[in-house]
Amino acid sequence: MNYTDFISIDPNIRFGRPCIKGTRISVADVLGWMASGMSMEDILADFPELNLDQIKACLAYAADREQKLKYA
């Protein structure tokens, strides 16, 4: 999956935080919901404007960022 198809960074939206394109929902929002126990199905039920590929793109974005971190 190419998460750049679904995630954008715009300094005028949510202070430049990575967001799902066409929404003001940030990657951090989605990850936080999942960390608090919400399933993908729960998120889709609460936010019908989202789809499964967008949620998976948030996970792919986070995984890619983790891979790029430099450790001491």
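Leaving aside neighbours within four places in sequence, T23 is in contact (heavy atoms within 4.5 Å) with I13 and L50. This is a predicted model, with residues numbered from 1 along each chain as its sequence is written. Local features need pLDDT of at least 70 and side-chain atom pairs pLDDT 80 or more, totals for chains, interfaces and linings use all residues, and side-chain values use heavy atoms, without hydrogens and water.

T23 sits in the loop between β2 (19–20) and α1; helices (H or I, at least four residues) and strands (E, at least two) are DSSP runs numbered from the N terminus. At 16% relative accessibility, T23 counts as buried, a word that stands for under 20% relative accessible area with a 1.4 Å probe, protein chains only.

| Side chain | Backbone nitrogen | Distance |
|---|---|---|
| T23 | I25 | 3.0 Å |
| N51, at the start of α3 | D53 | within 3.0 Å |

Not counting residues up to four places away, I43 touches V30, W33, M34, M38, L50 and I55.

In α3, the buried residues are Q54, I55, A57, C58 and Y61. Seen down the helix axis, they fall within an arc of 155 degrees (taken from the directions from the axis to the C-beta atoms), so they line one face of α3. They pack against β1 (7–8), β2, α1 and α2.

Key:
Buried means under 20% relative accessible area, exposed over 50%, partly exposed in between (1.4 Å probe, protein chains only). A polar contact is a pair of N or O atoms within 3.5 Å; within protein, one must be able to donate a hydrogen and the other to accept it, and residues adjacent in sequence count only if both atoms are side-chain atoms.
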